[in-house]
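Work through the exercises below with the sequence and the coordinates open beside you, and try each task before reading its solution.

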There are 2 protein chains.
Amino acid sequence: MHILIIGAAGMIGAKLTQRLVADGRLGEATVDRLSLVDVVEPRVPATPIAVTVEGADLSAPGVPARLVASRPDVIFHLAAIVSGEAEADFDKGYRINLDGTRGLFEAIRQEGLKAPYRPRVVFTSSIAVFGAPFPEAIDDDFLSTPLTSYGTQKAIGELLLSDYSRRGFLDGIGIRLPTICIRPGAPNKAASGFFSNILREPLAGKEAVLPVAEDVQHWHASPRAAIGFLVHAATMDLAPLGGRRILSMPGLTATVGEQIAALRRVAGDKAVALIRREPDPVIERIVAGWPRNFAPTRAPALGFRAETSFDEIIRIHIEDELGGRIG
Amino acid sequence: MHILIIGAAGMIGAKLTQRLVADGRLGEATVDRLSLVDVVEPRVPATPIAVTVEGADLSAPGVPARLVASRPDVIFHLAAIVSGEAEADFDKGYRINLDGTRGLFEAIRQEGLKAPYRPRVVFTSSIAVFGAPFPEAIDDDFLSTPLTSYGTQKAIGELLLSDYSRRGFLDGIGIRLPTICIRPGAPNKAASGFFSNILREPLAGKEAVLPVAEDVQHWHASPRAAIGFLVHAATMDLAPLGGRRILSMPGLTATVGEQIAALRRVAGDKAVALIRREPDPVIERIVAGWPRNFAPTRAPALGFRAETSFDEIIRIHIEDELGGRIG
């Protein structure tokens, strides 16, 4: 099986690569070729699998056609300009997130016009397709009214994926990821960064800033769960989806206070003492427009699984990122 | 006030032109210039208002920029490749309905980058953004899962309009029209044509074919109501819409049997006898995927009004199209 990962250098892309290399297979099929693409050239993993890496801009003329010319069986489309940048640079966000995505789907269709070709395409969407006001929990039938250009571009990607799938040009599934927590790596300036920072930094013995009140509630899943979603989406039978190929993934709703309580249970008062409260009205206002809670029923019924407690999310971080030890 | 109508040669565009010419004003403002554009050159109406007509393809390079260079105050964007054609010609549907619409919004943004410009843009969307399975009545929070490329393109237009409005590039409102009944003119081959044919033709003393069962239920509004929606959308205060600039319009749900009963009340048994039943499994299957009923609350609360009985819809047709007389 030949797998193409677009966005392979990002956090999720790198972890997915790691998982595929470790498993050597995707579902029942042996992975014998891996094409890794990102705007910066992804690292070559140590593996006997045939790997090609490429730095390429999905929105540049000819790039999507070249990527699909080798007819990968499964395409993970994870690449995106993130929320903050898509908001700051209107043209760039639309060029990469809309034109790049559409260009990929269209290149697959054109490839299929030459000779039958209908790859599985797994598209990562986002809970940013939703915008306030929200019900208590967002169910599978709730409308998309994004309040960012990023969310708009993801919602359009969902619609295109669904139409190209309905037409038989590709076999697509779109999964709306919860906010990934605990994000590994250094603290970043994303407005959502603090959800991870307040756990990751104290677990490493470092100070973290909490810019919002403890009653702020949000929707989370671990990086390990996200990789599980991707692998399941790539291997599951899509027939039960019918015409609705976009799924809100399961996750865990928690207030910041509940996150901190879990940190206390797992790592003690010393860790919690490293959280410094520094209210930031800008971040508080942004976060107020974000979804707090979901009630997905389709995805769990189709076998997608997420964590059920924040203690579990913290333990996964300790296992996967800290070698089992708290700093 | 300068008004641009894109799609001015279509049934709705022509009626809107007629209404604006008759009123000489839009809301409080005097109409002093009217630009009428369609892929075929619209007719020049008899009016003292300054009118320009133009045949132009919205998706051709430079066309949107030229249309907005004269900075119309209000733009009605009614142009679209219809459902059947967008399904039959994938490329053409995306080119006109997606690229044309996006090109228009982007031309407005570019015009605004030269000097402040933020026109009111009224975009006609469609109940085709919804796809089965449906609840008993579709409320204002129900998701868009179109089952046609046309519906997909309209849903994408809604998202773009909302994002361009949120960004302040234009002042947009999207209105989802019910199926227009009674459509004037000759019977056409659109799958939805029979809803109008079975009333319009008997009212003119002619035979009509009914291809579905009498229990088929659908969502309707008259052409007169549709023009009322457009004028209201162009003149109302949009602040109460908040970030949600797309509205499902009010309408009337009725079964084919109820349509026929109304025809009997208004025009007698003789008219009803002109309906010939010729079941068509293809049309029956298409219609089964269409919305049957809505429960919009936002649009009525904001002053949009539709008919409340099919007798009224039939009487409007007799007044507006038949000079008050049944043939």
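**Exercise 1: a residue in a helix**

Asn97(A) has its place in helix 4 (residues 90-114) of chain A, where helices (H or I, at least four residues) and strands (E, at least two) are DSSP runs numbered from the N terminus. This is a predicted model, in which local features need pLDDT of at least 70 and side-chain atom pairs count only at pLDDT 80 or more, while totals for chains, interfaces and linings use all residues. Residues are numbered from 1 along each chain as its sequence is written, and chains are lettered from A and ligands numbered from 1 in the order in which they are written.

Task: decide why Asn97(A) counts as buried, and list what Asn97(A) is in contact with, leaving aside neighbours within four places in sequence.

Solution. Begin with the criterion: a residue is buried if 20 or more other C-beta atoms lie within 10 Å of its own, exposed if 12 or fewer, and partly exposed in between, with C-beta atoms placed from the backbone. Asn97(A) counts as buried because it has 26 C-beta neighbours inside 10 Å. Next, apply the contact rule, C-beta atoms placed from the backbone and lying within 7 Å; beyond its neighbours within four places in sequence, Asn97(A) is in contact with Ala80(A), Ile81(A), Ala86(A), Tyr150(A) and Gln153(A).

**Exercise 2: a bent helix**

Task: compare the span of helix 8 of chain B with that of a straight helix of 17 residues, and find where helix 8 of chain B bends.

Solution. The expected span is 1.5 Å times one less than the number of residues, and a straight helix of 17 residues would span 24 Å, whereas helix 8 (residues 256-272) of chain B spans only 12 Å between its end C-alpha atoms. Then locate the bend, taken as the angle between axes fitted to the seven residues ending at a residue and the seven starting there: helix 8 of chain B bends by about 110 degrees at Val266(B). Finally, the buried residues of this helix are Val256(B), Gln259(B), Ile260(B), Leu263(B) and Ala271(B), and they pack against elements of chain B including helix 6 (193-203) and helix 11 (310-321).

**Exercise 3: the contact between chains**

Task: how many residues does each chain give to the contact, and which helix of chain B supplies the largest share of its side?

Solution. The contact takes 19 residues from chain B and 19 residues from chain A. On the side of chain B that touches chain A, the largest share, 8 residues, comes from helix 5 (residues 149-166) of chain B.

Key. Two residues are in contact if their C-beta atoms, placed from the backbone, lie within 7 Å.
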